[in-house]
Structures are given as C-alpha cells and as structure tokens.
Amino acid sequence: MPRFSIVVPVHNVQGYLRACLESVLDQSYGDFELIVVNDCSPDGSPAIIDEFAARDERVVAVHLPVNGGIGPARNHGAKLARGEYLLFLDSDDSYTPGTLRAISERIEATSRPDIVLFDYARTHWQGSVKRNRDAAVFGAPGPDVFTVAERPDLLDLFTVVWNKAYRLDFYREGGFTFPTGFYEDAVIVYETLWTARTITLVDRVCVYYRQRRQGNAMRTPSREHFEVFAQYERLFRFIEERPDLERWRGFLYDHMADHYLFILRRQDRVPPSARPEFHRRAARDLRAYRPRGHRLAARIPRRSFTLLARAPYVLYALHRAAAVKRAGLRRRYRVWRRRLRRVLLALHRRLVLRRALDPNLAVYSAFAHRGVLGDPAAIHRKAQEIAPHIRGVWVVGKEYVDALPPGIEHVLPGSRAYRKVTARAKYLVNNVNWANDLVKREGAVHIHTHQGTPLKSMGADLLKYPGARRGFSVPKMLWRADRWDYSLVANPHSELVWDRAYPCDFVSLRTGSPRNDCLVRLEPGRRESVREGLGVPDDRTLILYAPTNRDHRQGGYAPTCDLERLVAGLPGDHVLAVRLHPSLARHHERGLELRDLVRRGLLLDVTDEPSVEDLMLASDTLVTDYSSLMFDYAHLDRPIVLHAYDWDTYLAGRGTYFDVTKRPPGHVARDEDELARLFASGAWRDEESARLRAAFRARFCGYDDGRAAERVVRLLMLGEDMAVPTVPAPGVPRDLLARS
C-alpha cells in the first residue's frame, strides 16, 4: 500500500497537464500512486495521460465515458485509491519540490492525523508568485495536533481540498463525496474539518496555485453559480444530522451570507438577467437558515445584508448602484486630494528651503530605509562617539521602526518631518540614491557609501544588460547620482568601477568601507556572543551560506542548491546558516524548502538577522555565489567557497567586472555534491584555499584598516586631517577593469 494516493481530475488542460504530472513524479519521495482521471476531455489531455501512464507504473490512467464535472471525477479517483492518505491536485496546479516528503514526515511526527493542511502560493500568468495571505496561520504557535474547535481560524482559510491530505480510512468512514456543480470544495472542506478528531499543519508552501489569465469557469458569468444554494443546503443538512456539530451553525450562516453577497457583488459571476432570481433564492436561504437569536459577524455589511434578506431586488440593485457611484466619487476625491497635497508639498518645500542649513545635522539612510544598517550605521556610530554635537536622524520605513535600536531618532520617508530634516541637513549619508524629490542644496554634503565592492555590473554599465535594469531608468539613476559629493572607496578596483559606472562630478575618497571596521579590528567577545544568540556551540563549524539575487528571474529568486542534499553531505559537527538576499526576505520561496528544513532542525535561517557583519564574525566560513559579501568576508581571513552553479547564465544576464571563477577567493564548486565533498574532506580550508584567499585579499583589501568610519567623520564632518591610502596595497593590479 503506498503512502499517498493523489487524484488529479483532468478536463481541457493540455497546456498545463505535463507540468502538473511532472511536479508529482519528480518528487524526491516516491511512495505514491497518481490517479489521473480524464473527465472526457476534448483536447489532447487523454493522450498526455496515457503517455505518462506508459512511462511510470505509479500513474493510473482513468478515462470516463462522459463529462460529469470535477466533483464526480474526484469521487471516481477516490474510489480507486489504495494509499494511506488521499490528496487532490488540480490539473493546472503543481507541487513544489519536497512536498510529499514534508507531508510524510509531518504524518509520522504527529501519529497519523485525520487531516494534514499545508500552505500554497499563487502563480500569476505574468510570472509573479505570491504566498497565501493567511500564511501566518500555519506558523502560529500551538499544539501539533488539534481539532477545529481548538483552531476555528482554520475555517476562515481558502476553502479548497488541494491543500489537504486526508487519511483514507477517515475519509471513507465519513462517507465524504463531492457534489456536482460549482463550489463543491466547500462541502468537503467543512464536513471533514468539523468531524476530524486530529488535524495538523505543515508550515510550508506545497502547492503552486495557478491564476489563469482566461478560461477560469468560476470567473465566467453563468447560471452554474446557482449551484451554491445546493451546496449550503447540503452543509446545513449535514449539521442537522449530527447534533454534536450544532456549534458550527452560526459560523456556516455567516459564511453563507458573506458568500452570497460576494457572488452578487461581482460582475463575473451571475448574469445580469439572472440576478433577481439569485437575489430571491439567497433571501429565502438567509431567512430559513438563520439560527434563533443569531448576531451577524462584524465583517458582514449590515445594510447590504438587510437589503438582500428582507428587501426586493430593485432596492438591493439601487443600493449597489449607489455604492458603485460612491466608490467612483471616492476615487475622484482621492485623485484631487493627491493633487492638492502635491501643491501643498511644493509650497512647504519652498518654505523649508528658504531656511539655512543646520551645520550640526546629519541625515542617514540605508538599503531603501530598512533600518540602522551597513556603512551609514558605522559612520553614525562613530559620529556619536567623536562628534556628539552632530545630531543624527535616520530615515526609516514604517514597517522597520519597531526594530530600531533604542535612542535612534528617526523620520518616516515622505513625511513632513522628513522634508524638514533632509532640506536642512548639512550631511546626507546613504548607500542608495535619495528619492527624486530631495533637493541638493548649496553647501550640503552628500556622502555615498555604496553597498560593498562591486562584482556585478553597476550604473551606466547596466545599459548593456536590459534584463538587469528592468523597472528603472539608468539616466534617472545617474541624475540622482549627480548629487553625490563624495563616493567612498574600499579598494582600487571599486574606485575604477565607480568612476566608470557613475560618470558624475564627485570625489572618490579612499576611506575603506566603514561597515568592515568591525571585521578588521575584532571586538573581544562579540563573535562568541553572536554564536550564543544563534544557539551554535563553540565546537561546531558554522557555515554562512549567502546567495545573491538573480536579475534574470521574476522576483529575483533562483533555486541555488538542494539544501537538504547539502546538509546531508556535511560532517555532523557542521551547522549551515542560510541568509537570503535582503530583497528576498518576504519572498514566497522562503516558505518552501527553507522553512521546512528549519522546522526539522537541519539548518538555521538567519535572513532576518539585522547585522550581516555579526553573522560574518560568528561564522567559520562563507559559501556564496556572486555576492559582494565575499569582499567583506575576506578581511576575516577565513575560508570562502564559491558556489558558481550558474556562472554563464549570471554573466550573460547581469555581467561582471572580472571572472571570479578564475580569480576566486577560495575553492569553486559547481553543485551541492561538490560543496558537500569540500567540507567532508576538509579541502575547504586547505593550503590551496589559503593561497587563493591571500591573492584575493591582496587585490581587494588594500584600503581597509579598521578606521574607515572615523576617517569619514574626521575628514568630512570635523574638517580634520587624517591619512588616506594613496597607493594600492602590494600586489594589487593597477586596473582590473582593463583586464576583464
């Protein structure tokens, strides 16, 4: 008996069917049967089903003689199921890698519950992927196994069956069957959740739910939407036959009322000619099924409900028409309000710009206002120490304010306070460009720190790579860079890159990188403190894995390696800590393999750790692909391993200033097996690794002496003399760009 029986109903999906079936057959966990039910599909789907059945004995091909709809097709497949657990997958959706293994392990860990719920992400036709908006429910604290009475919030999740695994004995003993017609999922979802004795959750994205541009029957006006009445009639009858479920009557009534109002509100559900009839049928149900003394849930609009349940359709239609009219007026009001606001902002800006600069005010920002981070943070700390008379104000986005260190003065971007401080500040320090509306005033000093040493193409050099500059204008970026007074330089290579990539009128200042001061001059006890906070003992080897984003991929994410496979190949005393690129902190992929492996205790997810410098200090080695962290990490003189699995693709899509695979800071691996072998054999820290690292340090660590932040403050804020490196360190090529 297989662990899983997966039922896939098929009708008119030839364009998506292969991807769906392959997503199941390519799973690393292979103990399943795949029951594919052809619901008399008129396209090429039947031939595809037979092809897969001939290829893999786990595929069971079923061809129904007549089209009965998705519900009967699922029922037919469920009758044939032989597995321990029953799953349903729609034929235009797909499983993510590792899904079945994650579900199976959760089943074992929770003693075979009746139902396993797992998360999903919506994949849109234009390429974007968005995780379920209720994803937090899956990670909420609570018992591993429970009933729906203990977690009633589960009833508010999207009512679909394809994000659940049902224990087959439970499913058959309950006599659950799909009805015909639309909205069939809700019947099975509620009946099974209400009666399940044990439920568990998998906090992992397991299904890619395809959002088709066209062809979605649920978004096509038709009388088939009248099937919703039969589905709720069945659910209320189900409660009446089971007195122990009476507690759910009020919930079901609220859900029904909300659902009916939603269907009538949408233009893509019931045809206009059928709306009066739908209104009458809905009103009948709302009067007939309302529990005695029941109070509606707060989310249901009272006026709309009353007009639906008690008034004739003409009054409801007038109410909806008025609501649409009011919505249009509100939109026009918002447009005029924005226009007026822009006028007032312009007037306020003119008034503020009349005031003199404050010579003791510095404004800081880092990584598009994400907090007190990077080079600007290092400069701010040093200014507080040696120039305390200079007031420091940070520009921080609203969502990052709660994470600010104590005592940090901040303003929100675009606010009145923001306009005031940025207009009057003598010093403006940032590692990205300031917004377009920031005026560069006479006498103001703009200090641009950059975000590390550049490997990938930047600035004007992006003109050769249209995919890498998707969504922004290089000329406008250079216009913003024209406001720079000083460009901080970490090494001779960076100086050459910034001069060419940003043909603007600024002074290159060979200060070194302020954020690297802590890597050059180690603070006693800091490494040990960070490791303790991460829960990594001193006798463990901590590997920091920090991949960069990919411009050639939608959303910037590209699967970098099979993390589970890598962890399995590491020695037992090695700990893998994964830090995704900051731009991917909210990416749906984080809820896929990474979250699952963290839950199982196989690795650490340190993406949210605010200080990457602390992570570098705590680690024993860095594994990265093309991230600029390699240049910073080299200051620690600890081993670095490059994971260059897609070098040619990255080079073609973004371009680089030199071939890092030919002049690497350490060993180069092309896949996770090679990575694991490097660590299993100890080669990651051998003599060749040290030789490569020494050459890399000679090229890129010439200006950092641990006093970069102090140099910036003394030279630019205090007007003091302080030695600045004027010649490359020994062994540094004069022009790396000319050689690339």
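**Figure 1. An open sheet of six strands has the order 19-18-17-20-21-22, with parallel pairing.** The model is predicted: local features need pLDDT of at least 70, side-chain atom pairs count only at pLDDT 80 or more, and totals for chains, interfaces and linings use all residues. Residues are numbered from 1 along each chain as its sequence is written, and side-chain values use heavy atoms, with hydrogens and water left out. The edges of the sheet are strand 19 (604–605) and strand 22 (668–669), each of which pairs on one side only. Two strands pair if DSSP finds at least two bridges between them; strands (E, at least two residues) and helices (H or I, at least four) are DSSP runs, numbered from the N terminus. Strand 17 (residues 541–546) runs parallel to strand 20 (residues 621–624), and four bridges join them. Ala546 has Thr624 as its bridge partner in strand 20.

**Figure 2. Helix 24 (residues 672–681) lies across strand 17, strand 18 (574–578), strand 20, strand 21 (640–643) and strand 22.** The helix runs at about 165 degrees to strand 21. Axes are lines fitted to C-alpha atoms, for helices over the stretch in contact (heavy atoms within 4.5 Å), and angles run from 0 to 180 degrees between N-to-C directions.

**Figure 3. Phe631 and Phe658 form an aromatic pair that is edge-to-face.** The structure holds 36 aromatic pairs. Rings of Phe, Tyr and Trp (its six-membered ring) pair if their centres lie within 6.5 Å; planes under 30 degrees apart count as stacked, over 60 as edge-to-face and the rest as tilted. For Phe631 and Phe658 the separation is 6.5 Å centre to centre, with 75 degrees between the planes. The pair links distant parts of the chain, 27 residues apart: Phe631 belongs to helix 22 (residues 629–633), and Phe658 to the loop between helix 23 (647–653) and strand 22. Phe631 counts as buried because its relative accessibility is 1%; Phe658, at 3%, also counts as buried. Buried means under 20% relative accessible area, exposed over 50%, and partly exposed in between (1.4 Å probe, protein chains only).

**Figure 4. Phe226 and Phe229 form an edge-to-face pair.** The ring centres are 5.9 Å apart and the planes stand at 65 degrees, so the pair is edge-to-face. Both Phe226 and Phe229 are buried. Arg223 lies over the face of Phe226, at 4.4 Å from the ring centre. A charge sits over a ring if NZ of Lys or CZ of Arg is within 6 Å of the ring centre and within 35 degrees of the ring normal. The charged end of Arg122 likewise sits over the ring of Phe158, 5.2 Å from its centre. Elsewhere, ring pairs link Phe88, Tyr166, Phe170, Tyr171, Phe176 and Phe178 into a cluster.

**Figure 5. The buried residues of helix 8 (residues 227–240) pack against helix 7 (184–195), helix 9 (249–265) and helix 10 (275–288).** Among these buried residues are Val228, Phe229, Tyr232, Leu235 and Ile239. Helix 8 has 14 residues and reaches 20 Å from its first C-alpha to its last, close to the 20 Å expected at 1.5 Å a residue; the expected span is 1.5 Å times one less than the number of residues.

**Figure 6. Strand 2 (residues 32–38) is mostly covered, with seven of its seven residues buried.** Phe32, Leu34, Val36 and Asn38 point one way from the strand, and Glu33, Ile35 and Val37 the other way. In a regular strand the side chains alternate between the two faces of the sheet. Strand 1 (residues 4–10) runs parallel to strand 2, and seven bridges join the two. Pro9 stands opposite Val37 in strand 2.

**Figure 7. Phe52 is found in helix 2 (residues 45–55).** Phe52 is buried, with a relative accessible area of 0%. Not counting residues up to four places away in sequence, Phe52 touches Arg18, Leu21, Glu22, Leu25 and Val59. The C-alpha atoms of Phe52 and Thr306 are separated by 53 Å, and these residues are 254 apart along the chain.

**Figure 8. Lys398 has its place in the loop between strand 11 (391–395) and strand 12 (410–411).** Lys398 counts as exposed because its relative accessibility is 68%. Its C-alpha atom is separated by 23 Å from that of Val335, 63 residues away along the chain. In the chain, buried residues make up 56% of the 740 residues.
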